[in-house]
Every structure is written in structure tokens, then in C-alpha cells.
Amino acid sequence: MDCWSLGVILYIMLVGLHPFDINSNLTDEEIEVHIKEQRTPPLHGSPHTAHLSPSAIDLLSKLMSDDPRKRLSAHEMLDHPWVKGETARRDVIEGLDEKLSKLRRFQSKVEAKVFHNLISWSDDDQRRDPSQKGKSLLEKAFSSLDESGKGFVTMDDVARYVGATVTDHEGNVESAVTATADDTSKSDSINLSGFSDLVGEHMQSKYFPRGHVVFHEGDPGQHMWFINSGTVEVSTKDGFRAKLGQGDSFGEGSLLRPGATRSATLRCATPVHVIQVDKEYFSKYLSSGDTKMALRLREKINTRSFGRVEFILSEQPGLERVDFEQGDILFNIGDEADEFFILDEGKVDVRGPKGNIIYEMSAGDVFGLQSLVMDRSRKASATCSSKDGCKCRRLDYHRFNQLLHQSPELKKALHDMCYRREFKRAVVLRSRKSFPVQDQLRQAFDDLDKDNSGVLSVDEVRDLLTHLDKNLTEDQQKVLIESMDHTGSGNITFDEFQSVFGKL
């Protein structure tokens, strides 16, 4: 059993995942059941172990054999070729320090590029592709350099990755390295371990045990993290609950806003492996390279805030269930606003005075909020558009008001969300068309940019909003503009416009 246990530990060290809890979401009791049922962990032909040598897989399979009579003894293990190093490719390992020194000139650019990739992947639903599940984040980053899958990267690979040119010590452009899968002796090549050493100084790997609190709501923020494996639970004092898993990021919100504190508590629901980035290097990575990255991150924080709003509203006591058939009107223009709705099933179209669709609501969405927040009559209509009808819940004005007074954070996020919807309504009213989809955003932006300056000025936005509703106060207009002006420039660029209403 000691050798079997050692096999489990070695598997975790080499693969980064528990052999009997590949998704890092089981309790100790569930892992025990899994071991009894599965017996043999994923080894031969598994995407989780595809990066291991045949010798390493042979050792793991013999250590974790479910037949004790076939399992390696401690003496046999010590005599195994992999343990003795007989199968190690020394030509790749030797001179690693020298190879890394050649790449130091690219270190900050490589780190920034890896950071940008990790941010992009954290927003990408494909990160949950089963074929990618077994890869660590750094392994995935390494693979993006090693496009040909040769198992190592050269100086040229790294330079191409960061968009640089390889030069010698006198500044002359060096010839390209034409490495092949069989040529592993190139003087400037490094493997995954070397790559990890290159970026690991400022993007550190950390381990947190199950139950560990990474930070509490209200704490100052000094780091952010990317989840390599495991699950963390997000919770707030006002009742929000959510879970984040492999590939997700957390902790960036308080680093983006000067003086901000943590807006939630993060607790490890399972053992968790993360990549940690401190505040100093977070700022450096964010300011280098792709200027859209900061916009994407800031909008990600806003999206999370809006998600919390909808979650908290959906969990309120006193919600009344109500069903509608296709064509039923939930509320009409001019109606008194005395309730909001949560759509559980179906589709609801919210339209302007000319019948143009402002936004389409689907399951989980909350609507009918703007008029409650702004204390006015309805400025749009809502109609059930699903042939199978719509299942909703609703909460009246008085309970809604009580909730806002209890949570200033919720109130602010709710106002930001509603004012953005007001902007969309203003665009629909001005253009007399439904709100533009992704490939129409450029034209919509240019139509609003009356002076062709390339940005929406405060005056242009105010002109649009005044056309929408002459009763909007300057403070309300200011809140709306600030919610879209991520850079604090006082104007709204197309990239900011696109980050809010489309995808960068």
C-alpha cells in the first residue's frame, strides 16, 4: 500500500491532478468510492498523461497496479529505469541555465504574453473542453509556443510568440532555427520545465488546501490568481454564492480600482492549485501589449457584478410565480412601475415605442428594473415571445426598495446595469432600429459620433440621453457615462463601446 500511495503522489506531481479525482471536485469519501469502483487511474492513451514519457507511465502503472502481487516493491521501484534516470533526455536538460540566460531578454514580454493568454482563456468557454482538461495552464501556454508539438521551444519560437526579432550580442539579426521533432540538441531550446522556470519567478504556483480562505470580503487586494485545478467558492455578505473552476481567474477586481477592497470571500471548496500574480506585475502586464486587455478585464468585473445583482434578486423571499402565454404583455409603455420580473423559462422581447427590439430576455434574466430604479412610468413594453409560453417570478416595489437600502454595493451595481440598458434604449430610439448585433456595432458607434472624432464625447452622449428622456438628471447621465468610460478619459472610445455591448 505504501508503494501504491507513492504512485498516487507521483501521479499528482507529474500530471497536476489527482488520479481518482481528475476534475478536482470530489470529497474524500467520494474519492474512496471512486478508487474502489475505478481501480485503475487514467494512464495509457489518456489526454491527462499525454505529455509523459512511456517510461514514466510504465512506472505509474506498476506502482498503482490493483493487483498487489504485480505491484512494484520499494526495491524494484528504486531500480526502475525512470527512477534511475536512464530514460531522461540529457541533451535537452543539460545547460538549462545557459539556455534560460539567452531568453531572459524576453522574460518580461513572455510573462506579459502568458498573462494575456490566461486572461483570454479565462473568458473562453472552450477552456472546459475535455481534451484540454488535463493540461495545466502553463502547459497550455507552452503549447501555444510549441506550435509544431516538437516538445521544446527555441529562441525563434519565443521571439515569434512575443513579436520580437532574434539578434546576436552585436545587434545583428540571427538566422532562424529550423528545429524538427527529431532534432532536440539545438543550443537555445528549452522544454516545459525550463519554460516554467522562465515565467515562474513572477507568476508563482501556489497550493491551497480544502477549506482554506484565500481572502475575506473587505480585505485589501495584493494578488490575483488563475485556477490550475480545483474549485473555489465565491460568497458575499448579501447572499451571493458561486463557484469557479479550472481556467477561471479571481481577485483581479480590487487590483483594477485604486483603494478598492475585496468584494467577496473566496474559500477553497477542494484542494486548489493556482498561479499567483502580485499587484505590481499585474499592473505591468496589463499596461503592456494589447490595450484591449484592460477593457476586457474591467468589463468582466462589471459582468460579475451584474450577475450578482441578478442572483441576489432571484433569491429574494416573496417572489411570486406567474405564467404567460405567447403574445401576452407583461407591461406596456406608460404603465406604472410597481414590480420587476425574473424570467425562468421562455423568451421575452422588450421593445421601444416603434416596436423595435431593445433587448431580448432569456432564462435567468431580470427585467423591468429601470423604471423602478428611476421612479418613473414604463418607457418600454415587454411581451412573451415563446410559443411554449414564459414562466416568471416577480417582486413588488416595496420589497425591492427595502433590498436596495440594505446593500449599497447592490444598489450601485444595479444602477450601473440599468443605466446601460437606458443607453441601449436611447440608441434604439435614435436609430429607429433594433439594437445592433456584433458586426453592426461599428456603424452604430459612427452614427453616434456626430463630429467624426473617433470617440463619443460627453456632449454627444448627453445629447443622445436627452433625446431619450429630458428628465434624466446630470448625476444620472454622469453615472451612465462613467460606467462605460473604463479608462477615465472623459470620452467613450469604440473599444470601450464594443467591450460593453459586444466582444473585444
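Two strands are taken to pair if DSSP finds at least two bridges between them, and strands (E, at least two residues) and helices (H or I, at least four) are DSSP runs numbered from the N terminus. The model is predicted, so that local features need pLDDT of at least 70 and side-chain atom pairs count only at pLDDT 80 or more, while totals for chains, interfaces and linings use all residues. Residues are numbered from 1 along each chain as its sequence is written, and side-chain values use heavy atoms, with hydrogens and water left out.

**View 1. Strand β16 and two of its pairings.** Strand β9 (residues 320–324) runs antiparallel to strand β16 (residues 390–396) and is joined to β16 by 5 bridges; in this pairing F324 stands opposite C390. Strand β11 (residues 339–345) also pairs with β16 in the antiparallel sense, over 6 bridges, and here F341 stands opposite R394.

**View 2. The largest nonpolar core.** A nonpolar core is a set of buried Ala, Val, Leu, Ile, Met, Phe, Trp, Tyr and Cys residues joined through side-chain atoms within 4.5 Å, where buried means under 20% relative accessible area, exposed over 50% and partly exposed in between (1.4 Å probe, protein chains only). The largest such core holds 76 residues, of which F250, L330, L414, F423 and F497 touch the most other members; helix α17 (residues 408–431) gives the most to this core, with 10 residues. A second, separate core has 38 residues, among them A112, V199, V277 and M293.

**View 3. Helix α17 against helix α21.** The axes of α17 and α21 (residues 494–501) lie 12 Å apart at an angle of about 110°, the axes being lines fitted to C-alpha atoms over the stretch in contact, with angles from 0 to 180 degrees between N-to-C directions. The two helices, α17 and α21, are therefore roughly perpendicular, a term for angles of 65 to 115 degrees. R420, F423 and K424 in α17 meet F497, V500 and F501 in α21, contact meaning heavy atoms within 4.5 Å. Leaving aside neighbours within four places in sequence, the contacts of F497 include F423, L441, F445 and M484.

**View 4. Two loop residues with positive phi.** D375, in the loop between α15 (370–374) and β15 (381–384), has a phi near 55° and is exposed, with a relative accessible area of 61%. N452 is found in the loop between α18 (441–448) and β17 (455–456); its phi is near 55°, and N452 is exposed, with a relative accessible area of 67%. Most residues other than glycine have a negative phi.

Notes: Angles under 35 degrees count as roughly parallel, over 145 as roughly antiparallel, 65 to 115 as roughly perpendicular and the rest as oblique.
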